[in-house]
Amino acid sequence: MNAHFLWLNQISQSDLAIIGGKNASLGEMLQQLEGRDTENKTINAPHGFATTACAFREFLQANKLDNKIYSLLDALDINDVARLKQSGEQIRQWILDAPFPPIIEQDLRQACRQLAEEYDDEISFAVRSSVIVEGFPEASFIGQQETCLNIKGEDELLDAIRAVFASLFNDHAVSYRVQHELSHQQVALSATVQKMIRSDKASSGVMFTHDTESGFRDVVFITSSYGLGEMIVRDEVDPDKFYVHKPMLEKGNPAILHRNLGNKQKKMISTDAYDYRHSTRIVEVEKDKQQRFSISDDEVQELAELTLMIEKYYPQPMKIEWAKDANDQRLYIVQAQPETVKTNANILKRYTLKEYGQIISSGHSVGQRIGAGVARIIHTPNEIERLKPGEILITDMTDSEWEPVMKRAGAIITNQGDPTSHAAIIAQEQGVPAVIGCDNATEKIQNGDEITVSCAEGDTGYIYAGRLSFEVNEINLSGMPELPVRIMLNVANPERAFDFQFLPNDGVGLARLEFIINRNIGVHPRALLNYRRLSPDIQQRIDERSRGYADPVSFYIEKLVEGIATIAAAFWPKPVIVRLSDFKSNEYRNLIGGEAYEADEENPMLGFRGASRYTDLDFQESFELECFAIKKVRDEMGLTNVAIMAPFVRTPEEAHNVINLLHDNDLRKGVNDLKIIMMCEIPANALLADRFLKYFDGFSIGSNDLTQLTLGLDRDSEKVAFLFDERNEAVKSLMSMAISSCRLKNKYVGICGQAPSDYPELALWLMEHGINSLSLNPDSVVETWLYLAEHLSVNTH
């Protein structure tokens, strides 16, 4: 075995102490998985070699740099940013100027020639890093060191390896080791040299075997952008993002749950200069390519399948870098390393705003925390003294040099970045809220103002003016007591589904299509169907929203599919009841293009809504798009845990018509285990329950509308709103009738209205009257569950 380098395909985990965790993982993957046909899937990885810890240390010793470097570092105060920067630059220059000892140079040149001979084309190299820590071989230092791409020639390769060695002493790496009480002498570096994959003319990205925000393990999360992958690693581009569901992927089904089109305004490409200082450059991406996804759905599926193969072999959460080669059009795995996933499913810490204020800016939320304090705009890490501990750091973007500054921050806000960016990762490590990619935060927020940073409202994080009050509740979820009723969740926002599935639950009792339409689509379905007849202004607004999709109608269907499938996958295989759209006419009017198709009704609450829309000839084609989306989720993707719920069905005749219409759209009760539920929210539904249940598999009580219609009031009217109370005896009487009718016919009965979330005593009454399930808002699940268990115990004794 050569003391100075090892071939990657001969490395295994047993070599961890010699070549570091990243290279050990990569070598293990090459040995065990590369080229292996597993269900017609193979992993392609570029071949190469890794320098050893011995080579690094011999290099320093031969040039008498070891004692010189470590003496300088031991005397350093990392809080003195100017001195840290100056010392780091000095050390790195020493290394860049130092020659390799003849024996090491000879070995590296020999390895370079052998690798070049393996490939027919004129090879260029990619040089990456793998850190080795004595006594801590599994330690990870992701993103701290240099990467050199498109290196050609032996001399240029040696320069690139020196540059990677020198990056062990950049400011971030030095301060990280001090903070974690690691001796600098303990640490060495292994340079990874591989054939360069020509993704500069194609695409590349990073993927994870889990959701990086929630830690949910049943999805693969993939990012992709044009050009070389360093743009994503450095957080200098907003990439495309995809989520893929593992259980459906393993069945061979289409499994893409969500697509998010990134801006992808820039890309890194190769140049004709092959030394590491000038081997790449950044260029603008053509406008038409920015508006398309950088990889196809088939490639997303293939990448996810490769991820599954890697995860199954290790098996542990993994972070994987991939690249598509423009020459052979194949997908390659260039790095694979273990990833730490921080989740504690037994402890729920819930942050909730107690008041709201003016929204100043918004972006990607990181975590679910809330923070409030003084805003401090910082433009460079050298301004560290301006940020007092606990203040809110606001800047354009961050990299490793910012970490001493970020340690002081009570919250972090950046103009650029996404949830996988440097700022997001550091915020997660530090346990502080962060809102990333705000575009204009440094312009909109004033220095010294008091602001509140909220990441507790979904994927979008908000910056509010003023110091708003909020509360933090910590709840232990282990050992939840058994109940004689199923506790389900009301889930409006698919973006929160991965978080909510960690709550104790028996599935989803209400998923609202109108929330998906309003938030993820924002366009009236008839406007999409009649796109060619719209004004240029409306067409332009639709074009902006539907970028990346084949046409406006496909955009509508696919966004419905993504929203439904995300919720269904998060809770798989538990039941997820999806309510068909129940917009009122005034709500439909607010969608893009809606004014042309919606009448200005006097009382939309009692007007053209629910089942009446579905059977209306003008709206029927729009309703069929919903049916198509649900059918795709169930029959193509295989998420058969999705049940359908029809809202606001006024008469048994209307019930009959809705069932026939669903049947005409290939959604039939019992076929592929499909359940069709009806909202019981009109007094007539309870009074004529037997006739309605003839057509449906059960009821889900909608307490909001049932109360309004029973008491004859509009709860939005200030004059009579005080009379609105779901606990009214007349309302409870109708609920009791609905429950009894369903139980007599052995059909499902649940409740998905607001009432049991607001009034635990009503939830208890419903449980005592034999309801099958209570669907609660996520923030009331634990409290209501424990309340029911406590009173059940009292009644039992």
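1. In S19, alanine 434 is the bridge partner of isoleucine 412. S18 (residues 411–414) and S19 (residues 434–436) run parallel and are joined by two bridges. Strands here are DSSP runs of E with at least two residues, helices are runs of H or I with at least four, and both are numbered from the N terminus. Two strands pair if DSSP finds at least two bridges between them.

2. A quick word on provenance: this is a predicted model, with local features needing pLDDT of at least 70, side-chain atom pairs counting only at pLDDT 80 or more, and totals for chains, interfaces and linings using all residues. Residues are numbered from 1 along each chain as its sequence is written, and side-chain values use heavy atoms, leaving out hydrogens and water.

3. Helix H6 (residues 154–166) has 13 residues and reaches 18 Å from first C-alpha to last, close to the 18 Å expected at 1.5 Å a residue (1.5 Å times one less than the number of residues). Its buried residues (under 20% relative accessible area, 1.4 Å probe, protein chains only) include Leu157, Ile161 and Phe165.

4. The axes of H4 (residues 81–97) and H6 come within 9 Å and cross at roughly 155° (lines fitted to C-alpha atoms over the stretch in contact, with angles from 0 to 180 degrees between N-to-C directions). That makes H4 roughly antiparallel to H6 (over 145 degrees). Contact (heavy atoms within 4.5 Å) involves Arg92, Ile95 and Leu96 of H4 with Arg162, Ala163, Phe165 and Ala166 of H6.

Key: Buried < 20%, exposed > 50% of the residue type's maximum accessible area, 1.4 Å probe, protein only. Parallel < 35°, antiparallel > 145°, perpendicular 65-115°, else oblique.
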